[in-house]
Amino acid sequence: MQIKVDIRELYPDYKGENPIIEINSSQWEAIMEVAHIHRKNEKKHEMRRIRTEEMYGYTENLHDKNKKDFSTNENPTEETVFLKLEKEKLLPLLEKLTPIQKRRLCQYYINDLTFRDIARLENVNEKSVRESINSAMKKLRKLL
């Protein structure tokens, strides 16, 4: 079954000649799944930005002129010193993890990938990724 789609609904900035395309239902479902993942990822990044700003008083977006930019702060505050010490304490502990745990932990917390995304990348079961990350976090908590 063919579905007619107006590309301008998905991409308001579309400037092409013919905004109407015909696709089959499986293609439409794939597009909607990607759009859902994109919206979910955007929400996750927005929540991360909010948490970072609330916890540490700065934003990762250095283009925002109203927020503190600690990268150019010549007089480090207690917060920046604390963050640096926290980082210095965590880095050696990461070396105590298995290479798989370390890689998955970084993908999850630094690259903001979901368990499902990591599982797809590594071609493994989502449950094994979740258990690996949870196990790594337990190990880190014990070491702290």
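In this predicted model, helix H5 (115-122) passes H6 in a right-handed crossing, where a crossing is right-handed if the near helix is turned clockwise from the far one by less than a right angle, and left-handed if anticlockwise. Helices here are DSSP runs (H or I, at least four residues) numbered from the N terminus. Because the model is predicted, local features need pLDDT of at least 70 and side-chain atom pairs count only at pLDDT 80 or more, while totals for chains, interfaces and linings use all residues. Residues are numbered from 1 along each chain as its sequence is written, and side-chain values use heavy atoms, with hydrogens and water left out.

**H5 and H6**
- The axes of H5 and helix H6 (residues 126-143) come within 8 Å and cross at roughly 115 degrees, the axes being lines fitted to C-alpha atoms over the stretch in contact, with angles from 0 to 180 degrees between N-to-C directions.
- H5 and H6 are therefore roughly perpendicular to each other, a term for angles of 65 to 115 degrees, whereas those under 35 count as roughly parallel, those over 145 as roughly antiparallel and the rest as oblique.
- On the H5 side the contact (heavy atoms within 4.5 Å) is made by Phe115, Arg116, Ile118 and Ala119, and on the H6 side by Glu126, Val129, Arg130 and Ile133.
- These contact residues divide into five nonpolar, no polar and three charged, where Ala, Val, Leu, Ile, Met, Phe, Trp, Tyr, Cys and Pro count as nonpolar, Asp, Glu, Lys and Arg as charged, and the others, Gly among them, as polar.

**H4 and H5**
- The axes of helix H4 (residues 99-109) and H5 come within 10 Å and cross at roughly 130 degrees, which makes H4 oblique to H5.
- H4 also passes H5 in a right-handed crossing, with Arg103, Arg104, Gln107 and Tyr108 in H4 meeting Phe115, Ile118, Leu121 and Glu122 in H5.
- The residues of this contact of H4 with H5 divide into four nonpolar, one polar and three charged.

**Glu122**
- Glu122 lies in helix H5, and, leaving aside its neighbours within four places in sequence, Glu122 is in contact with Arg103, Arg104 and Gln107.
- Glu122 and Arg104 are 18 residues apart in sequence, and their C-alpha atoms are 9.6 Å apart in space.

Definitions and conventions. Helix = DSSP H or I, 4+ residues; strand = E, 2+ residues; numbered from the N terminus.
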